[in-house]
Amino acid sequence: MSSTPEGERFLARRSFIELNARERARALLDPGTFRELAGPFDRLKSPWLPLQGVVAQADDGVVIARGSIDGESAVVASIEGAYQGGSVGEVSGAKLAGALELALRDCERGRAVRPVLLLETGGVRLQEANLGLAAIAEVHAAIVALRRHVPVVAVVAGMVGCFGGMSLAAALCSHLIVTRQARLGMNGPEVIEQEAGLAELDAADRALIWALMGGEQRQATGFADVLVEDDSDAIAAQVRRAFAAPAPAPRSEQVEGLIARLAGIDGERPPEPAALRALWGRGT
Amino acid sequence: MERLTFTYPAREAVARRVHVGVVGSGDLEVLLEPSADSDAHVAVTTSVDGFGTVWKHVLDRFFSRFEGAAAIEINDFGATPGVVLLASSRRRRRCAREQHARG
Amino acid sequence: MSADPPVSTIGLRWLEGLTGSAGILDLPPRTVRVADVPLGPEVARFIAVVPDPDNRFPRARAGEVGLDEALGLAREVRRTIAEDARRRPRAIIALVDVTSQAYGRREELLGIHLAGAAAVDAYASARLAGHPLVALLVGKAISGGFLTHGYQASRILALDSPEVLVHAMSKQAAARVTRRTVEELEQLGERVAPMAYDVRSYAKLGLLHRLIAGVNAAAPAPQDFERVRAELIAAVAAARAGARDLSTRLSSAAAQTGRAASIAVRSRLAEQWDAP
């Protein structure tokens, strides 16, 4: 049996989703340049989880890696979705915010650093509530300040997706890359079902969830910039492209446009997801 | 949540440090680095209480083949003994590769 | 299972008390109230998010920050930045009493996460442009509601009053999600500092500039408004003189213990930032 080009491409494809946070960061940096900061052997662990009988991971679920992207200095902040759902606690939040703040300091001193956020997170870690929330506010502040110097690029790949206060971080970024498997929303489906009832949202209805907040829907309605295959090389190429191209005005600055497109929506009878693509899409 | 410690005699120095794994459900992470003394020391933090004997059996088997004076930290979220041994073997092979590469 | 508390009027009462209701501008949406009021030697813009039972979106009728609220905040703050582009940027005071973000299918479909980001962006941009940005917590400061309205301030003040609660999820929702009782959650907050809801515990984390004692949030007397105005004047002066970032949340005395790990992580990152 002879192999087809499609078959060969399929076999050659390397899933980005199957990589852990460390491997994802490595995949996006120029080969041989990955250098981890505040890694597992620094043992900066959660002071709060062991008090509640939860085993602390040595890197608290975030990998900060320096290196280069297309030869330019870069930093990648990669959230480990398999640890506590990628939730943001005190230490993991400080790693995210601290890395962005150091990138900002370098940019202000004339040494550009390319920041990349790999967002695989349910939002605030409830076991660390107020410290996680405060850290997310600091992440927001750092993104807005950094954007003045350099594009801030985010990737949401799945399968955890990007929720809670970190979904606002994704929306603040200059450039957002998503896969079909990704989900992006402020509140997780389970919480919406719990707070508003099954009629409002059935969290078990996967087709509905992806229709509302999946990567393809988000890109088609202007909430994400690029829809990419779950392929490590393809995603790395999109990240490089995002830095190479001139950055458009961030979507979170387009207030009048956002108000205008929401103005026509009936709050009691909003459009179906597919219809929203026609209303808000970028056209063919 | 339980913390368990073990000590094993060692015969060789350990040159590098190695980390594998994620503390996901049914999984664990392992950190290995040179011991402060000539023995191997293992510190296990596990979310599942009452399996001290199982951990000892698994580690006894591991150290029957591994002779490095290593300080090993294991953070476990309910991994089965099979998974633990697999992680340990991966770690041991990686350590051996790196020792070999250094000549 | 606990019932949710009634809709709060604390935010509106404080806006009216601090500014005089005649000064509240008549702009849509009704849920974002803005007033320009003398505050010491200058004029400050006060902004509050208040409940509206006739809100366009059914899931945002009890004081939540929904789509219209977040975009309304973004618009008002950006209007302030534009109006002050050629003069001394005025102080912006975020009066905070928000139950949370709005939870709903429409909200997700229509991108509440981006609306929220627009509000965060506007507030952060105002701070970076030199507007003294001060948050005053007079009631609830929960989750996405607080992130979008107040948490970008360079100084956060709070009333030392039982109505002032800060957290990542309302007690009732958190109880439902974790399948605990509200009482169990409150006990957990006594053992695990960042999980507490009350403002005195929150103050120990080092994120607050001032905890204003002796003032009743729910039933303020005229002298309470005067006291708080004086605190706001001082906070505005401090914000104007200080850095345009959130660094006081790490340099405060309480943060040295309350956020010790946050400080240690940044220190380690800085040590390792450049290659050896």
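A residue counts as buried here if 20 or more other C-beta atoms lie within 10 Å of its own, with C-beta atoms placed from the backbone. Keep in mind throughout that this is a predicted model.

**Stop 1: helix α6 of chain C.** Select residues 171–178 of chain C, which make up helix α6, and colour its buried residues: C:Lys171, C:Ala173 and C:Ala174. Look down the axis and you'll see why they sit on the same side of α6(C): they cover an arc of only 165° around it. What's lying over them? The cover for the buried residues of α6(C) includes α6 of chain A and also α7 (182–191) of chain C.

**Stop 2: the chains together.** Zoom out and show every chain. Which pair shares the most contacts? Of the 2 pairs of chains in contact, it's chains A and C. Chains B and C, on the other hand, have no contact joining them, and their closest C-alpha atoms are 17 Å apart.

Now select the contact between A and C: 65 residues come from chain A and 66 residues from chain C. On the chain A side, the elements that each supply at least two residues include β1 (35–37), α3, α4 and α5 (165–172). The top contributor to that side is α4(A), which gives 13 residues. Colour the chain A side by residue type and you get 42 nonpolar, 13 polar and 10 charged.

**Stop 3: α3 against α4 in chain A.** Select residues 90–108 (α3) and 129–146 (α4) of chain A; their axes come within 8 Å and cross at roughly 20°. Angles under 35 degrees count as roughly parallel, so α3(A) is roughly parallel to α4(A). The crossing is left-handed.

**Stop 4: A:Ala242.** Buried or exposed? A:Ala242 counts as buried, because it has 24 C-beta neighbours inside 10 Å. Leaving out neighbours within four places in sequence, its contacts are A:Pro151, A:Val153 and A:His175. Draw a distance from A:Ala242 to A:His175: C-alpha to C-alpha they are 6.6 Å apart, though 67 residues apart in sequence.

Key:
Residues are numbered from 1 along each chain as its sequence is written. Chains are lettered from A and ligands numbered from 1 in the order in which they are written. This is a predicted model: local features need pLDDT of at least 70, side-chain atom pairs count only at pLDDT 80 or more; totals for chains, interfaces and linings use all residues. Axes are lines fitted to C-alpha atoms, for helices over the stretch in contact, and angles run from 0 to 180 degrees between N-to-C directions. Helices (H or I, at least four residues) and strands (E, at least two) are DSSP runs, numbered from the N terminus. Angles under 35 degrees count as roughly parallel, over 145 as roughly antiparallel, 65 to 115 as roughly perpendicular and the rest as oblique. A crossing is left-handed if the near helix is turned anticlockwise from the far one by less than a right angle, and right-handed if clockwise. Two residues are in contact if their C-beta atoms, placed from the backbone, lie within 7 Å. Ala, Val, Leu, Ile, Met, Phe, Trp, Tyr, Cys and Pro count as nonpolar, Asp, Glu, Lys and Arg as charged, and the others, Gly among them, as polar. A residue is buried if 20 or more other C-beta atoms lie within 10 Å of its own, exposed if 12 or fewer, and partly exposed in between; C-beta atoms are placed from the backbone. The arc is that of the directions from the helix axis to the C-beta atoms.
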